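The sequence and structure come first.

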Amino acid sequence: MSQLRVVHYLNQFFAGIGGEDKADTAPGSEGRPLGPGNALNQALTSSEEGEVVATVYCGDTYFTENQEEALGRIVELVRESGAEVLVAGPAFGSGRYGLACAQVCQRVGSALGIPVVTGMHPANPGAEQYRGQVYMASTSDTAVGMGAAIEVMAKLAVKLGRGEELGPADEDGYIPTGRVKTQVHEKTMAQRLVDMVLKKVNGEPFETEWPLPSMEKIEPAPAIGSVAGARIALVTEGGVVPRGNPDKIPSGWAKHWARYDIGEVSDFTPDKWQSVHGGFDTTKLNEDPDRVLPLDVMRELEEEKAIGKIHEYMYSTVGNIGYVADMKRFGEDIAAELQAAGVQGVILTGT
Amino acid sequence: MVPLAQSIGANRIVQGKAVTTTTGDPALPPDEEKAFRRRLVERALKSLESTPEGQEVVWGEDRG
């Protein structure tokens with residue numbers, strides 16, 4: 001079997017150029033392994049599967065400040081070196097380096113069509129953003145775990161370089177991508193479920209087949225004191241939109257939210273408003289969309305001066321099967337607008 | 001879905017009627033339904049006025 005030509009991407013530190021004082025180093029390359037590339041090369045050559053033919057490097061600051069130019073240059077350097085596989089990092093817990101490794105992999109993969117592998121700690125921002133697009137060895141958060149990281153990355157590089165299917169994330173040591181693969185199991189679902197229940201009852205360890213996504217905890221906003229006099233906004237993931245859904249909010253997997261002027265609206269009546277939520281039967285909701293976004297009673301409270309004012313705009317999207325990262329972005333964007341508009345409190349309804 | 005709100009650390013949670021009608025109850029006559037909705041909203045507004053200890057979940061209504 002021919003040896004895979006592996007090209008290794010490193011930052012200025014791991015390439016041995018220097019520390020923070022050299023972080024403005026522009027992209028460059030050398031035709032040999034550098035730093036951790038030596039261990040990677042050894043892992044590849046000892047199994048006679050491949051070798052590190054070149055190292056491409058870039059300073060972390062340079063990459064961050066000149067990202068597009070740096071990515072373009074790095075892709076060219078990787079192309080010129082005749083890479084069949086790109087390995088980047090590992091970046092461990094370093095955020096800048098992790099993002100650079102993930103972005104280099106993502107760009108090289110799409111531009112050159114070759115397999116790419118990086119490695120970092122699962123909490124690295126690079127992993128949070130790119131774990132679904134790039135295979136990443138799951139590493140410790142400091143360089144103490146270098147040996148183990150290189151070993152896993154070398155194995156992933158060979159498997160992907162040979163066009164082999166990867167096993168499940170925990171078996172092959174990479175960060176779960178979020179993709180679910182169909183697999184034929186020798187036991188039926190009912191049998192597996194009973195096995196799991198028995199293990200649970202007996203206090204034995206068992207592994208769920210449907211792990212819940214781990215959620216980041218958000219710090220709740222402080223109290224606003226009296227709501228009399230406060231500007232309160234209505235926000236929902238219940239999919240309330242003007243009838244006809246002018247912004248085409250999807251019934252699931254939403255990638256955007258919308259803002260609607262309700263300054264002159266006193267009630268979400270079904271002739272003008274509807275819910276496009278796709279996660280449940282919306283028949284009852286569509287008889288009266290106030291059943292998920294309570295504008296009618298908010299207007300009463302406003303007239304009675306129990307609250308100051310209902311914010312002129314309501315914000316809506318559909319949470320159904322939404323990606324956590326998308327929903328987080330919606331929340332941040334909407335919160336920023338509400339804050340800029342002087343909104344003090346929000347009633348956010350969910351389904 | 002209350003567990004979802006709890007899982008991200010929300011601390012002011014008012015339990016609605018159902019997934020399909022969070023702030024409504026189609027089984028009630030219209031005026032009673034509106035009164036029910038108003039109680040939920042008033043409870044939510046009250047929650048905004050102070051910071052609860054831990055993650056407060058208000059089980060506002062008998063969920064039948």
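## Helices on the sheet

Running at about 160° to β5(A), helix α6 (residues 146–161) of chain A lies across β1, β3, β4, β5 and β6 of chain A. Helices (H or I, at least four residues) and strands (E, at least two) are DSSP runs numbered from the N terminus. Contact between two residues requires C-beta atoms, placed from the backbone, within 7 Å. Angles run from 0 to 180 degrees between N-to-C directions, with axes fitted as lines to C-alpha atoms, for helices over the stretch in contact.

The model is predicted: local features need pLDDT of at least 70 and side-chain atom pairs pLDDT 80 or more, while totals for chains, interfaces and linings use all residues. Residues are numbered from 1 along each chain as its sequence is written, and chains are lettered from A and ligands numbered from 1 in the order written.

## The sheet

In chain A, 6 strands form an open sheet with mixed pairing, in the order β2-β3-β1-β4-β5-β6; strands pair if DSSP finds at least two bridges between them. β2 (28–30) and β6 (135–138) of chain A are the edge strands, each pairing on one side only.

Strand β5 (residues 116–120) of chain A pairs with β6(A) in the parallel sense over 4 bridges. M120(A) has S138(A), in β6(A), as its bridge partner.

## Contact between chains

Chain B gives 25 residues to the contact and chain A gives 33 residues. On the side of chain B that touches chain A, α2(B) provides the largest share, 7 residues.
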